[in-house]
Structure formats: C-alpha cells, structure tokens
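Welcome, and thanks for taking a look at this one with us. Here is a short briefing to read alongside the sequence and the structure.

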Amino acid sequence: SVIYLDPSSTLLGTTRLIKAVPSLVPAGGGYTTIFWGVENADSCAVAGPGIAESSFSGSRVVPISSNSTFTVTCVSPNGTFTDKATVNVAPAWQER
C-alpha cells in the first residue's frame, strides 16, 4: 500500500498523501507550504501552480494569489494513487 510520510510528522498515521499549510491565505495573497510523502511507490509527481516535482517526499513553499489545487499522483504495484490539497484566498472585505 502507499503510506504517507509527512515531513512535518503531523499526518503520520493518516492516509493523506499531500497537505498544504496554511490552507487559507490573506486576501492579498501569501505563501503556503506543500508537504507530500509516499513510500512503496514506483514514481510520484506533484503538480500545481508554482510547483512541479517528481519525488517521493518533500516540501515546497509556493506563492498563492488565487484559489489553487495541488495534486500528487503516485504509481505503485497496487495501482495509481492520487490526492489533492486545496489552498483558498480569503475574500476581500469591501466597504459600501
């Protein structure tokens, strides 16, 4: 099976393959860190705005200016596994 190994250790024991921290950035934009980690796979690819990686585990800080989805796709002897993490931008408050 594909087992998640989160470099930050906060998702150890869960089945998530990818995580974004934080998952909400301020209205003007900001940065998030994408964590991913998989073992027992043949290949893995992480894709999303500002990131394109082919590695089993790692983390990458990416700028966020609009709602974004990051995906990790892993091929293993048991099939293809995919997971995604979404980062949203907080709505801007407008005065009337």
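Are Cys44 and Cys74 buried or exposed? Cys44 is buried, and Cys74 is buried as well. Please keep in mind that this is a predicted model.

**The chain as a whole**
- Read from the N terminus, the elements follow the pattern β-β-β-β-β-β-β-β-β.
- The protein chain has 96 residues, and 35% of them are buried.
- Among contacts with a separation of 6 or more, 51% are between residues 24 or more positions apart.
- The protein chain has an accessible surface of about 5700 Å², and carbon and sulfur atoms contribute 54% of that.

**The disulfide**
- The structure has 1 disulfide.
- Cys44 and Cys74 form this bond, with 2.2 Å between their sulfur atoms.
- The two cysteines are 30 residues apart and join distant parts of the chain, Cys44 sitting in strand E5 (residues 43–48) and Cys74 in strand E8 (residues 68–76).
- The disulfide is right-handed, because the torsion about the S-S bond of Cys44 and Cys74 is about 115°.

**The open sheet**
- Five strands make an open sheet in the order E3-E9-E8-E5-E6, and the pairing is mixed.
- Its edge strands are E3 (24–25) and E6 (51–53), each of which pairs on one side only.
- The strands that hold the two cysteines, E5 and E8, are paired with each other in the antiparallel sense over 5 bridges.
- Within this pairing, Val46 stands opposite Val72 in E8.
- E5 also pairs with E6, again in the antiparallel sense, and here there are 3 bridges.
- Gly48 has Ile51 in E6 as its bridge partner.
- The hairpin of E5 and E6 has 2 residues between the strands, and Gly50 there takes a positive phi near 85°.
- Val25 finds its bridge partner in Val89 of E9.

**Two glycines to look at**
- Gly30 belongs to strand E4 (residues 30–39).
- Gly30 counts as buried because its relative accessibility is 16%, which falls under the 20% cut-off.
- Leaving aside residues up to four places away in sequence, Gly30 touches Val25, Val62, Pro63 and Ile64.
- One of these, Ile64, is 34 residues from Gly30 in sequence, yet their C-alpha atoms are 5.3 Å apart in space.
- Gly79 is found in strand E9.
- With a relative accessible area of 26%, Gly79 is partly exposed.
- Gly79 and Ala41 are 38 residues apart along the chain, and 9.3 Å separates their C-alpha atoms.

**Aromatic rings**
- How many aromatic pairs does the structure hold? The count is 0.
- A ring does feature in another kind of arrangement: the charged end of Lys19 sits over the ring of Phe35, at 5.4 Å from the ring centre.

**To take away**
- The cysteine pair is buried and links E5 to E8, two strands that are also paired over 5 bridges.
- On either side of the sheet order, E3 and E6 form the edges.

Note on methods: Residues are numbered from 1 along each chain as its sequence is written. This is a predicted model: local features need pLDDT of at least 70, side-chain atom pairs count only at pLDDT 80 or more; totals for chains, interfaces and linings use all residues. Side-chain values use heavy atoms; hydrogens and water are left out. Rings of Phe, Tyr and Trp (its six-membered ring) pair if their centres lie within 6.5 Å; planes under 30 degrees apart count as stacked, over 60 as edge-to-face and the rest as tilted. A charge sits over a ring if NZ of Lys or CZ of Arg is within 6 Å of the ring centre and within 35 degrees of the ring normal. Two strands pair if DSSP finds at least two bridges between them. Helices (H or I, at least four residues) and strands (E, at least two) are DSSP runs, numbered from the N terminus. A disulfide is a pair of cysteine sulfur atoms within 2.5 Å. Buried means under 20% relative accessible area, exposed over 50%, partly exposed in between (1.4 Å probe, protein chains only). Contact means heavy atoms within 4.5 Å. Accessible areas come from the Shrake-Rupley method with a 1.4 Å probe; for residues, only the protein chains shown count as cover.
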